[in-house]
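This briefing concerns the structure shown below.

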Amino acid sequence: MPSGVANRKVISQSQVTLLQQWGYFMGSENVTPPTGGPSGSRKKSSRNAIIAIVVVVILIAAGLTAYELTRTGKSSQQSITVGTLYAGSGSFALSSGYQLAGLKYWINQTNANGGLMLNSAGKKLPLKLVTYNDQSSTATAQTEYTNLITTNHVNILVSDFGSTLTAPAVAIAQEHHQLLFDPTASSPGFFTATNPYIVDLSILVSSQWPLVLAHYIISQKSNITRVAILYLDQAFTTAQAQTLDSALVAAGITPVYYQSTSASSAAEYSTLLQSINATHPQAVLNFGYDTNDIAFFQALNANSMHFNFVFTIYAGLEYAVLNKQTPAGSLNYTYTYASPPDVQYSNVNLGPTTSSFVNSWTSAYGSGPNFNNIAGYNAGLLIGKTIETAGSLNQTALRQAANKLSGNTTTLEGPFVLNTTSGAQLGMPMDVMQYQPTSTGLRPVVIYPTDLATGTAVYPAPSVALSGGSPAAVSGPLMQAQPASQSFLNQQAFTSESMAAPVQVRFR
Amino acid sequence: MSLFVDAFVTSMLYAAFFSLAALGLNLVFGVMRIVNLAHGEFLVMGSYLAIALAIHYGFNPVLSLAVVVPLFFAIGLLLYYPLVPRLQRSDDPEMSSFILFFGVSFAMEGLAVQFFGNNYQEMNYALFRPLHLNLLNSTVPTAWVVTAAVSVAAIVAVYLYLYRTGLGLKTRALMINRDEAMANGVNINRVSAVAFGFSIALAAAAGSFSSLISYPTSPSIGDTFTLISFAIIIIGALGNPLATVLGAVVFAYAYGYTDIYLPNWSSIVPFIILIAVILARPQGLLGRKAREF
Amino acid sequence: MNFRKVFLADRRMLARDAGIMVLPLALLFLLGPMLFANQGLFMELAIYVMLADALNIVYGFTGYLPFGFGVFFAVGAYGTAILVAFHGWPVALAILAGALFSALLSLLFTPLLRLSGAYFAIASLAAFEAVYLIFSNSSLTSVTGGPYGISFTSVYAPNLDYAVAAVLAVVSALTVLAVSGSSFGIALKAIREDRFAVELAGVNSLKYRTYAWLISSFLSGVAGGLYGWYLGFFYPEAVFSLTDFSVLVIVFVLFGGRGTVFGPLIGVAVLFAVYEFLTLYFSNLVLIIFGVLLVLLILFIPNGIMEQVTRLGRLLFRPEEGE
């Protein structure tokens, strides 16, 4: 720091402005300018005024906040409070809204049936839902999760959609010994043997998602040896890409293209696709969120590119959104994860079967449920069963009850299998399906594993020169989906039927 | 048809879109020195309107410009008078505009969620026939070529406005020196209001095409457009529409070629170029006035 | 450093200001969590107090507004998390080292200080984006955790963390007070008002701004480390949140009154309370209400609430001085 003397000279020149503008030095005799400034005693009282007002404002603000926030108080024993967050805006808003709608549907359904039987209360109690909007912000989510636990005293804490918005809840829930019911956060990082206060209800750990898919691609080794994998730089998508990559490499299929990206615009996907195309892949797999998938299909169409095998995640998870917002025909012959409602489990022993759920949902909302709706509803079903099994709202008892259900419960989402020490979900596998055009629209055909298959894959995907504008289902020689066959070997299906079948579908 | 040429063509079209997206911001920032953080939200609103017109009336986005541009110009004028002149009462108008438009962008995102929901919306490619064109031996969608053509037209229009009209002369005078312009009898509010109107109209015009070439339209995508637009006008220079084009070219080609050769680093490169440019030439690539002080 | 020379302002006044500053803050942090059980809210408040103070040092005192100010916060959080999770450092040391990382990063960015006004703001925003994309890049998963985020829940201790954050929030407020009252602070403010005059007097203004920049980034880094510790597990987006840890902080400081000692504290206390209240009770309309509120505030209280408080104080207690 230079000598104070040199400084002071400069400073005294600008003191006047500083004093008048910034109001801090009022009362500080040392720097009082010789003329123009208010006198000492006057300054003192106006200074006291500031101080008084500052203190009052702060205390009022604190008091008001405290009052307003404590007002909610403790919930009575007359109901079971379920607390959750949703993203009303921001990048997770769409998926989060779907999940919440599913959970709400379960709550309404349960309340319509008189509530949940709670042994410790000796009667059926209605469910009360408390929600806050985190706007897709983890910082907001963090305080709101704490609020649910500490001021709303919720009995059941359910996390928001996805890993990003669940992350802030994990440590808080553990700290407050509150079991976190986690519908759709699948990051392996959440589940440790030392934390018993989390249980993954509705989706498989994300690194396990592509296992069936990898198995399928490997089983098609005679057709598919050149694989291109493009993935978004996010935990959910990176985990899947890495699992798939290592599984393929272990089986002797080294991807010809394996890259991450943070792009989400159509123009960028276009360049990425050109780069992928240059490697002449037989299969192109794009791991991204819905917005990435939309840009991906747009770019595919922009380049008039065609690949024998295209896989994306959200084609299945949010079929309605993707089908509506991508160029017509984009999803034809696209592969995706097969999950409910497209996969139907026959041995459901908790809640409705897929078809009866789809029917009741459709009659209530006018359109069918998507995967995240079902994930939210499925979380509700399992929470209800867990509470009834535990017989109380003791959080440790709830976790033990969830462990008890593991392995012998099947819902519309499939078998509920927990890693009973970490709380990670190992059931509810993600199968593989393909959208095949029929005269009435796209038909999701489960192609793998074989015991759940509803048809055979069409490979290579016929190149459809799109005229645009027309919906996916148009006149012309269309592929008819194969009828379900229980016991065929997939390998066989490829060599005999579908290899012979490919028809060049062109309309122009 | 090599990979290099394909990326060249795609990036060229993308650069044209970016120019259109950032052009309005350049006007407002250059003339009024206000930081319009809601620029991207206006773009998104324009996008929603154009998509609605396409869905309900089958309007091609070029046709819908006839509705979008005048409407948003009027909105810009209406917003200017209650908001911007008052800013001058603050000690630091440039930074106060930051909060002001942050507030506006917050509110607009909220309104977009209320009115349009969180769904993604896309303009229909098939409104353009034929679907694809051949450009430099590369197949590209007609929609992108049209976007680029509209962008070029908009740049020419802004150029003509600035260099061939009386109001444009005053606008340039304001950009160079506010005080001297005022001393010479320039009606600051009138000139600024028109520039603000143009800026909003240009943003909305870019929005009419944004979902075709860049991101699917959703309430939360506005920030991304604002950020990219700011980066572009800083790389170029203030005031000059051609500088915006140059900034957009740098940005788009940085994306395009890193997407080929280093895809996992592609998003960083434009920002590193931005920092490098700003340090090497603080006045921007085409700027004359020093931006250091 | 000679204290007599450093503090130009009356030391008795400084002590009184310190008292006025510490008392409400201490009360708030101490009683707050008792009145209202959501400790997370007060933790965030403490973090915002530190960030607002850090921003005030660089923006309030030097006039340089970095949009991408949150980068130092995020790097502090990451530095702490990486050292604890991957290198087994004790938390206290890791937070300190994380803050030093932030300060080092700010040194790297000092060339940006040559830029003026909005250019500096945008350049710092670009720096923010670039650093975010580096930390979240999957190529660096082994170093930063990449898109998988980073977990160090093994040392999770929210109560201790809160206590430390509350104390440091008070300390940071006192730091601003000390800076403001020192010759250093006066020099900064003089530079803000008229850099050329200061340069002519033979003061190296760049050096002063660099010091302010370093202090600010270090303080943000500490806040980031404490916040990261409070989260225990976070993804890159959680700490590299432009809205949460850059824009909102700027809004708080501007609302309170930049360059004043009390302004940013009041700005944080009032607007944070309003914001949290809205998010909890009017969550669907929070964007619209808060957005409109900000517009009205800046239109009608353009220079921050501190100016109004001062004016009101004059009117109430010395009516003859009122305007």
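How many helices and strands does chain C have? In this predicted model, chain C has 16 helices and two strands.

**Overall form of chain C**
- The C-alpha trace of chain C spans about 65 × 50 × 40 Å along its principal axes.
- The radius of gyration of chain C is 20 Å, which agrees with the value near 20 Å that a compact globule of 323 residues would have.
- Of the 323 residues in chain C, 67% are buried.
- Among contacts in chain C with a separation of 6 or more, 77% are between residues 24 or more positions apart.

**Contact between chain C and chain B**
- Chain C contributes 36 residues to this contact, and chain B contributes 37.
- On the side of chain C that touches chain B, at least two residues each come from helix 6 (117-135), helix 13 (242-256) and helix 15 (286-300) of chain C.
- Helix 6 of chain C gives the largest share of that side, with 12 residues.
- By class, the side of chain C that touches chain B comprises 27 nonpolar, seven polar and two charged residues.

**Domains of chain A**
- The domain assignment divides chain A into domain 1 (4-70), domain 2 (80-206 + 348-416) and domain 3 (211-344 + 430-448).
- The centres of domain 2 and domain 3 of chain A, taken over C-alpha atoms, are 29 Å apart.
- Their contact involves 17 residues from domain 2 of chain A and 15 residues from domain 3 of chain A.
- On the domain 2 side, helix 12 (354-365) and helix 13 (371-390) of chain A are the elements that give two or more residues.
- That side of domain 2 of chain A has seven nonpolar, nine polar and one charged residues.

Methods:
Residues are numbered from 1 along each chain as its sequence is written. Chains are lettered from A and ligands numbered from 1 in the order in which they are written. This is a predicted model: local features need pLDDT of at least 70, side-chain atom pairs count only at pLDDT 80 or more; totals for chains, interfaces and linings use all residues. Domain bounds come from an automatic or database domain assignment. Two residues are in contact if their C-beta atoms, placed from the backbone, lie within 7 Å. Helices (H or I, at least four residues) and strands (E, at least two) are DSSP runs, numbered from the N terminus. Ala, Val, Leu, Ile, Met, Phe, Trp, Tyr, Cys and Pro count as nonpolar, Asp, Glu, Lys and Arg as charged, and the others, Gly among them, as polar. The radius of gyration is taken over C-alpha atoms; the globule rule is 2.2 Å times the number of residues to the power 0.38. A residue is buried if 20 or more other C-beta atoms lie within 10 Å of its own, exposed if 12 or fewer, and partly exposed in between; C-beta atoms are placed from the backbone.
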